[in-house]
Amino acid sequence: MKEYMEYAVEKTVELLQIDSPTGYTENATKWVIEQFESLGFSARYTVKGGVVVDLGGKDSDNGLLLEVHTDTLGGMVAEVKGNGRLRITNLGGMNANNAEAENVRVVTKFNGIYEGTLQLVNASTHVNLEYNGTKRTFDTVEVVLDELVSNEADVKKLGIDVGDVVCFEPRTRVTEKGYIKSRYLDDKLSVGILLGFAKYLADKKIVPQRRVYGHVTVFEEVGHGGSASVPTGVTEAISIDMGCVGNGLQCTERQVSICAKDSGGPYNYTVVTNLIAAAKREGADYAVDVYPAYGSDVEATLRGGNDIRHGLIGAGVYASHGYERSHKDGVLNTLKVLKGYILD
């Protein structure tokens, strides 16, 4: 599976270069459809703007849905200030503490894209004697545009206004030692993994015993990504999302995480047990964890009224919702679990 791991990482890097904060995902989903169609699979848009792909399979009455998401954190212009700076509101769980000093792109509705930086208000430490003690919130930071502007009118002449989307630079890097560092590995790394698994099926001409679908959602970061668009006959859904790495948890960036419970409650006991069994069969390095502050697409699918079983796996990711880090080994181990669970 190593060549498919490398393919998954390659596609992840490509997707990470496409801005797609929640609500501004059309460019990313267009890329997603093109990628699956290039592998020979049928893919279509949902009304909500996500993508459903048919990965083939025999038993359509016992279908499996694999859910990933391509929407990310970001911001939106909430106010054009009198000094020509922008106050923003966060999209999803973007945190002002780790967003500060990041380069951004402001996407206007009709007048193109402008660059800037998110900075603390009065950001010069030689001037601001309260710099260290100021609590970072989206009221104490602001976007400083890389344009000659000094007031609200100057900014609005550029076509920038309230409601425009603010995209943060991902700063993607894959190191010689196999570490993958970037904003938005949650969950673009899993989109890459799903593409890697799809390529494995296509190259080996494998038709799974049960029908398998992929759903690339676009509103996961605000809680309703997977709430609809479940294909007829699906009885089970597995979210492929990041595995959390942190104090009190077992998972590392080199492992695949199998989640037993998160803030939404326990995952289906039989599904979790079978995922662990698949990891053991395939020799995947895995960890089972309970996440205190986490929610997934498949929980949204259940809350949408769908009568299905559910599970959650993903490559380990450190510094979630910040500048995240994973490893190629985590990608490989996730692919192994998918192979073992679906095909063995």
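Me: Angles between axes under 35 degrees count as roughly parallel, over 145 as roughly antiparallel, 65 to 115 as roughly perpendicular and the rest as oblique. Why are H2 and H5 called roughly parallel to each other?

Reply: This is a predicted model, in which local features need pLDDT of at least 70 and side-chain atom pairs count only at pLDDT 80 or more, while totals for chains, interfaces and linings use all residues. Residues are numbered from 1 along each chain as its sequence is written, and side-chain values use heavy atoms, without hydrogens and water. The axes of H2 and H5 cross at roughly 15° and come within 10 Å. H2 and H5 are therefore roughly parallel to each other, and their crossing is right-handed.

Me: Which residues in H2 and H5 meet?

Reply: Trp31, Val32, Gln35 and Phe36 of H2 meet Val191, Leu194, Leu195 and Ala198 of H5, contact being heavy atoms within 4.5 Å. By class, this contact of H2 with H5 has seven nonpolar residues, one polar and no charged (Ala, Val, Leu, Ile, Met, Phe, Trp, Tyr, Cys and Pro count as nonpolar, Asp, Glu, Lys and Arg as charged, the others, Gly among them, as polar).

Me: What makes H1 oblique to H8?

Reply: Helix H1 (residues 2-16) and helix H8 (residues 328-343) pack at an angle of about 120°, with their axes 9 Å apart. That angle makes H1 oblique to H8. The contact is made by Lys2, Tyr4, Met5, Glu6, Ala8 and Val9 of H1 with Lys328, Val331, Leu332 and Leu335 of H8. By class, the contact of H1 with H8 has seven nonpolar, no polar and three charged residues.

Me: Why is H8 said to be largely enclosed by the rest of the structure?

Reply: Because 13 of the 16 residues of H8 are buried, H8 is largely enclosed by the rest of the structure (buried means under 20% relative accessible area, exposed over 50%, partly exposed in between, with a 1.4 Å probe and protein chains only). In H1, the buried residues include Tyr4, Met5, Ala8 and Val9. What covers the buried residues of H1 includes H2, H5 and H8.

Me: How do you know whether arginine 87 is buried, partly exposed or exposed?

Reply: Arginine 87 has a relative accessible area of 27%, so arginine 87 is partly exposed. Arginine 87 lies in strand S5 (residues 86-91). Leaving aside neighbours within four places in sequence, the contacts of arginine 87 include Met76, Glu79, Phe138 and Asp139. Arginine 87 and aspartate 139 are 52 residues apart in sequence and 6.8 Å apart in space, C-alpha to C-alpha.

Note on methods
Axes fitted to C-alpha atoms, helices over the stretch in contact; angles between N-to-C directions. Helix = DSSP H or I, 4+ residues; strand = E, 2+ residues; numbered from the N terminus. Left-handed = near helix turned anticlockwise from the far one by under 90°.
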